[in-house]
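Subject: Structure for you to look at

Hi,

Here is the structure I promised to pass on. Please open it alongside this email, and my notes follow below.

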Amino acid sequence: MQLTGETKFFIGLIIATFLIIGIGVAVYSRPEPVLKREELITFASHTRGNIEAQNYLVEFSDYQCPACGTFKPLVDQIVEKYKDKLLFAYRNFPLAQHEFAEKAAETAEAAGEQGKYWEMHDYLFANQANFSDEVFQEGAKKIGLDMDKFNESLKSGKFKSLIQDDISYGTTHGVNSTPTFFLNGKKLSLFNQSDLETEVAKAIGE
Amino acid sequence: MGNEVETSRKLNRIIFILSIFGLILAIYVLQSFLRQSSIVCLNSGCETVRKSSFSYIFGIPVPAFGLVGYAMLAILTFLRTTSKDIRLLQWIRRIAIFGVIFVSWFTFTEIFVIKAVCTWCAVSTVNMFAIFYLSLKSYNIENYATHG
C-alpha cells in the first residue's frame, strides 16, 4: 500500500480521534473517591433515621436555595420510607449569594442546641421564600424554644465555626452546588429528582 | 480536472470525518444498550427509546447497525486515499443509500411507534443524510471526470 499524503492525513485524523476519546474516557471513568462515614457524619452532624444502618445519605444544603427546597419533600419521603435501613445527615452549605442562608443555618443549630433541630429545619424550609430576622424569631417561638437562650446563642456566634467546617469540608470534597448528596460516601450525579430515590433504593437493595 | 480532484478529495475528507463522528456516537449509544446504563441525553427520549423493544432488530440493538455502517464508510473513505478504484465510491454510495433508508425508518419508528425521540439518533440521522448527499456529489464528480 502506497502511503500518499492524503493517507497520512487520514491516519493523523484517526490518531487524533483516539487521543481525544482516550483522554475523555480517562477523565470520565476516574472513580469518584469514597468518603469515610465518620468524616461525612461527624458528632456534630444532625441525623435522622437509623443510626446503626449500613447505608447513609448525606446532604449538603442551603436553607435559602430553591432547589434544596424542592428536594426537601422528596428527602423527607425517602427518610421516612427507609427509616430502618438508612441514616440521613444534613450538613450546612450556605452559599454566599443567599443573604440569609448562613443565618438560617445558625438558627437551625441554635434550635438543635435545645433538641429541636429538625423542627426548625422543617420550619425554615417551609418559609425559605420569606426569610428575615423576624421570621427566624417567629419560628423559634413557634417550636417552643427558650427564647433567651436561643438569642444568646445566636448573638455569641458560636455556631459560625461549625458551619464553616461543613463548608470547607464540602468544598474540598467536591461540593460545588446545592443540594449535593453523598450516598454511602459516593457523590451522586443526579440528572433529575427521581434519581435520588432510585439510587437509594438500589443501594439498599430494594 | 485538477479542480475536481481537489473537490473530490475534500468531499472524501468530510465523509471520513462524519463517519468517524457517527462511529463515536454509535459506540457510545451501543455501550449503554449493552451495559443497560442510562444515556446522557438532552431530553428524556433516549431512555424511552433504549428500553423499547423496537430498538432491537432480530435481537441486535439498532446502534450496532450504525456502528457497522459507519465503520465500513470510514474504512472505504480511508482506502480511497490509496486507490482511485471507482468501486470504492460505488460501495460508499450503496452503504449511504442503505444508511438513509435505515435512519429514516428508525426515525419514523421513534416518532410514530415508540413516541419518543433520542437526541443522539436524531444527530446520527442528520449525519447519515449529510454523508449520503456528499457521496452522491462525489460520485457525480468522479463519473463526470471519468466519462465526461
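For the charge count, Lys and Arg are taken as positive and Asp and Glu as negative, while His and the chain ends are left out. Each charge is placed at NZ of Lys, CZ of Arg, CG of Asp or CD of Glu. On that basis, chain A has 21 positive and 29 negative charges, and their mean positions lie 3 Å apart.

Before going further, please note that this is a predicted model, in which local features need pLDDT of at least 70, side-chain atom pairs count only at pLDDT 80 or more, and totals for chains, interfaces and linings use all residues. Residues are numbered from 1 along each chain as its sequence is written, chains are lettered from A and ligands numbered from 1 in the order written, and side-chain values use heavy atoms, without hydrogens and water.

**Chain A overall**

Chain A contains nine helices and five strands; these are DSSP runs numbered from the N terminus, with helices being H or I of at least four residues and strands being E of at least two. Starting at the N terminus, the order is α-α-β-β-α-β-α-α-α-α-α-β-β-α. The C-alpha trace spans about 90 × 40 × 25 Å along its principal axes.

Of its 206 residues, 46% are buried, where buried means under 20% relative accessible area, exposed over 50% and partly exposed in between, with a 1.4 Å probe and protein chains only.

**Helix 1 of chain A**

Helix 1 has 25 residues and should span 36 Å at 1.5 Å a residue, which agrees with the 36 Å between its end C-alpha atoms; the expected span is 1.5 Å times one less than the number of residues. Glu6(A), Thr7(A), Phe10(A) and Thr17(A) are buried in this helix. Ile20(A) also belongs to helix 1, which covers residues 5–29, but Ile20(A) is exposed, at 62% relative accessible area. From Ile20(A) to Asn55(A) is 35 residues in sequence and 38 Å in space, C-alpha to C-alpha.

**A spot in chain B**

Asn127(B) sits in helix 5 of chain B, residues 119–147. Asn127(B) counts as buried, with 5% relative accessibility. Leaving aside residues up to four places away in sequence, Asn127(B) touches Leu18(B), Phe21(B), Gly22(B) and Tyr70(B), a contact being heavy atoms within 4.5 Å.

Best wishes
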